[in-house]
Amino acid sequence: MPLDHQANQDEKDFRIVGQRPLRPDGIDKVTGRARFGADMTAPGMLIGRVLRSPHAHARIRSIDTSKALALPGVKAVVTRDDFGEVSEDLHDVLVNCMAQDKALYDGHAVAAVAAISASVARKALKLIEVDYEVLPHVTDVDEAMAADAPALYENAADESVPAGMSKNVVRRYEFGHGDVETGFAAADAVFEKSFKTEATHQGYIEPHACLATLGPDGQGDLWVCTQGHFAVRNVCAALLGMEVSHLRVTSSEIGGGFGGKTTVFIEPVALALSRKASRPVKMTMSREEVFRASGPTSSTSMDVKIGMNSDGRITAAFAELRYQGGAFVGSPVEFGAMSAFAPYDLEHAKTVGWDVVTNRPKQAAYRAPGAPMAAFAVESVIDELCKHFDLDPLEVRLKNASTDGSQASYGPKFGKIGLTATLEAAKNHPHYSAPLGPNQGRGVACGFWFNFGGQTCVSLNIQDDGTVGLSVGTPDIGGSRASMGQMAAEELGIPYEKVRTIVADTASLGYNDISEGSRVTFSSGMATIQAARDAIQELCSRAAQMWGIDEDAVVWEDGHAKPAGENAGKFDPMSLADIAAVAANTGGPIAGHAEINADGAGQSFATHMVDSEVDPETGRVKILRYTVFQDAGKAIHPSYVEGQFQGGAVQGIGWSLNEEYIYGEDGRLQNAGFLDYRIPVASDLPMIDTVIVEVPNPGHPYGVRGVGETSIVPPLAAIANSVSAAAGVRLTHLPMSPPRVQKAIKDAK
Amino acid sequence: MLITVKIWGSLKAAAGDQSEVQVEAKNIRQMLDRLGEAHPRLKPQLDRGVSVSVDGQIYRDAWFTPLKPENEIVLLPRLSGG
Amino acid sequence: MSQIHVSTKINGDATEYLCEPDETLLDVLRDRLGMTGTKEGCGTGDCGACSVTLDGRLVCSCLVLGAEAEGCEVGTIEGVAEGEALHPLQTKFLEHAALQCGVCTPGFLVAAKSLLERNSDPSEEEVRYWLAGNLCRCTGYDKIIRAVLDTAKEMRSA
């Protein structure tokens, strides 16, 4: 049923939407009562642990588990032999969870045990004998593309890859329009530069954890921290040869995901162990395992060429992106290629993306997958051109900005978007005119993310005391339960405190797509509004019956059913609680629900501005000031919108200054811990200022645009521009760690 | 109805080197079927999954989304996020 | 290996448990005593999610052996509130939206409480450096710092 969007946006005077009420899960989280993935237990529970390959690339000749099985206290051991055939689209997921003929990266799962305690499980792993034939490995993206590179597969490339390339090149993408050569010929200056970024990890503080129970009756229960418990259910059921309805998955509170928990790693293994042992199996990843064997993002190598006229108009833009996605097809290079030039209205644009495999863990999404790296390269070249022509970087971006109706470099024409609004807000902000001292520099950059909708189900039940139970199916990764409650309360016209929002398990609702793509506030919000309107219709119908008038003669206003006009009759308004109290007598419990494929998600654009200081002796960079300007469409709960802006910006700070995966000559990960994989800490940072811009999305009843991902797209670029200005030399390799900055300064002298 | 579909650069070769293709279709499902029939080399990508942008709105799975000749229809890789 | 019998006090309550010699206090709290408020983020003392106090001193419980708690007073997140009454820090964290996923929150609260017990008027820089041992990936720390400073201000005027 189509929702009447326009009426809401134009005349809506929101009562609760836009406020900052406390979140429903708040008390549990500040008291330690909230239950995360590793916080659940079951009677008779075993502990599961995984044996992982110490080699970056090796054929697995044989696995002997007999000694492990014989160890007292060991109840089950699984290997590749315990998993059957799966459909082609699940093949890679399965192989990543449990190696088949080869170990493809340092940390690749090779076997797993379930035992009565963690220490027995650890001992058992040591007793598993694996016969490896070590093979040559490759971990760098450019090296993997070389003709003589060690090949992971014989035949993984598809029809898009031209003949004659390294076997590790598995996909080629191309986007764009016009003719870039014409554009370059018309430019007053054409700048071309190459860039590299290292692999990073989403860095969620909670390691992967689950509790799996799969009984002899074929019925299973899985407690897991995940961004998408319905997707986990479907994938695990398929991998274990089960029907979907026989597996019930409950999503625990999740301690961070950012895309890294949109897939499975240990869950199918835990279920397989549980089935074999006929006992519940709890499985967690250690921090080292999280780094070695979950899903970091791609390392990249990029070339960007942009032509500009002296008035600041970009005439043509070209980018070639090379991303490695670990040992499997699927780096996010296509999204990088699609988003690279999205903020700019260009007559001639072309992006080419290469997906390359290497002996590294299978990449997983990291908040706007593929976009931050491309933005870094593109915005750096634009910055150089601005300096060359002595033009203001914000003015140049305003001059070239995509607006409503612009042809996006990835294909469609944009609808209503807010990029210009963020640029104007940035230009007029005091940060932009604040003075800078020696060795200090300011950088700006733009970014965007597509956002999308997806399958979403919501159930809204009105209790007999007039309170409302709202069940959504999208795990709460950012505070969305509060926003859902606000939207339900807004529609129903009742206080926010009367609504209790929970995330239901997979048996209680229809399918919900994963909490990703910045889709939750948009999609679950839309479904919540629809479910509320559904319930309102029923409430009005009950009132009409009690008054003996037509349903059409009843309206819902301020949380009450009222006669539509004088002619309908003189009746006192009935509140939601009034009607609920007699629901049993008027037809039974009152509820509303919605099962939708939410469409109409609106893109969110952002501009970031950052000041940094470089110590020319040590190369250390200090972030002095940071302001995020981003379009939220309509901020349902401003504190959570600000939180997304700040969180993404700080992940971007880490990515650009410190974080990187360091592989040794032996192909093993050298820094698999928080000590040497250095994410930002409180003392590294200033306050992160935020400006919420609101250009409503016509596709949502309240104008909502997803915001979670866009915030990580501009930081790499803005910080690189800032540091390059502060250091007096262009940095082209992320992270800009002190040794790299020092070397760049030295080389420039 | 004859509708016009824009396809992205790396698919052009599979569609007879055209960046715009016309097919008879009244919704997304029909469009995808007709595209695969008219240009069999597109089929592998279509089977792997695509998103469709209709006048700027992204659809990932909605088969019966109606299509009209005046719509701007763009084939995109299947979008996902993080 | 035979297990060690430990007598200790946790959040003011006398507690006894058995543990292996190589079991950490974190393991004991979570797996033996069912007190899952204290979290394991890394197991190597780098993230602070397992922060507790030991005889009033802020420590990472993953770096303390269960056996070391013998005769000590352990303070965990479960003891920060007094019955129904939230500690001002807990209230301020909620008001300032100083948590998103909430997994680092117990560690931050224990650490921040420890700071305010020593220094009732910390500067922003002092708060940031005191909390540098607690990692947060969701918030960028901004709202956490504001919540702690606001709590300090409120507690001073109380």
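What follows looks at the cavities and then at one arginine.

Keep in mind that this is a predicted model. Searching the whole structure turns up six cavities of 30 Å³ or more. The largest cavity has a volume of about 490 Å³. Its lining takes in 34 residues, and those nearest the centre are A:Ile477, A:Gly478, A:Thr521, A:Gln644 and A:Gly708. Helix H16 (480-492), helix H17 (520-547) and helix H20 (638-657) of chain A each give two or more residues to that lining. Sorted by class, the lining of the largest cavity has twelve nonpolar, 16 polar and six charged residues.

Now move to the second largest cavity, which holds about 70 Å³ of space. Its lining includes A:Val50, A:Arg52, A:Asn96, A:Cys97, A:Phe265 and A:Met285. Here E1 and helix H4 (88-97) of chain A are the elements that supply two or more residues.

You'll find A:Arg52 in strand E1 (residues 46-52) of chain A. Is A:Arg52 buried or exposed? A:Arg52 counts as buried because its relative accessible area is 13%, under the 20% cut-off. What does its side chain meet in there? There's a polar contact of 2.7 Å with the side chain of A:Glu289, and a polar atom of the A:Arg52 side chain sits 3.0 Å from the backbone oxygen of A:Gly107. Leaving out residues up to four places away in sequence, A:Arg52 also touches others, among them A:His108, A:Tyr132, A:Ile266 and A:Ala293.

Conventions
Residues numbered from 1 in each chain as written. Chains lettered and ligands numbered in written order. Predicted model: local features only at pLDDT ≥ 70, side-chain atom pairs only at ≥ 80, totals over all residues. Heavy atoms only, no water. Helix = DSSP H or I, 4+ residues; strand = E, 2+ residues; numbered from the N terminus. Buried < 20%, exposed > 50% of the residue type's maximum accessible area, 1.4 Å probe, protein only. Polar contact = N/O pair within 3.5 Å; in protein donor to acceptor, adjacent residues only side chain to side chain. Contact = heavy atoms within 4.5 Å. 1 Å grid on protein atoms, 1.4 Å probe; cavity = no way out; pocket = protein on both sides within 12 Å on 5 of 7 lines; lining within 4 Å. Points joined across faces, edges and corners; volume = space filled by probe spheres on them. Nonpolar A, V, L, I, M, F, W, Y, C, P; charged D, E, K, R; others polar.
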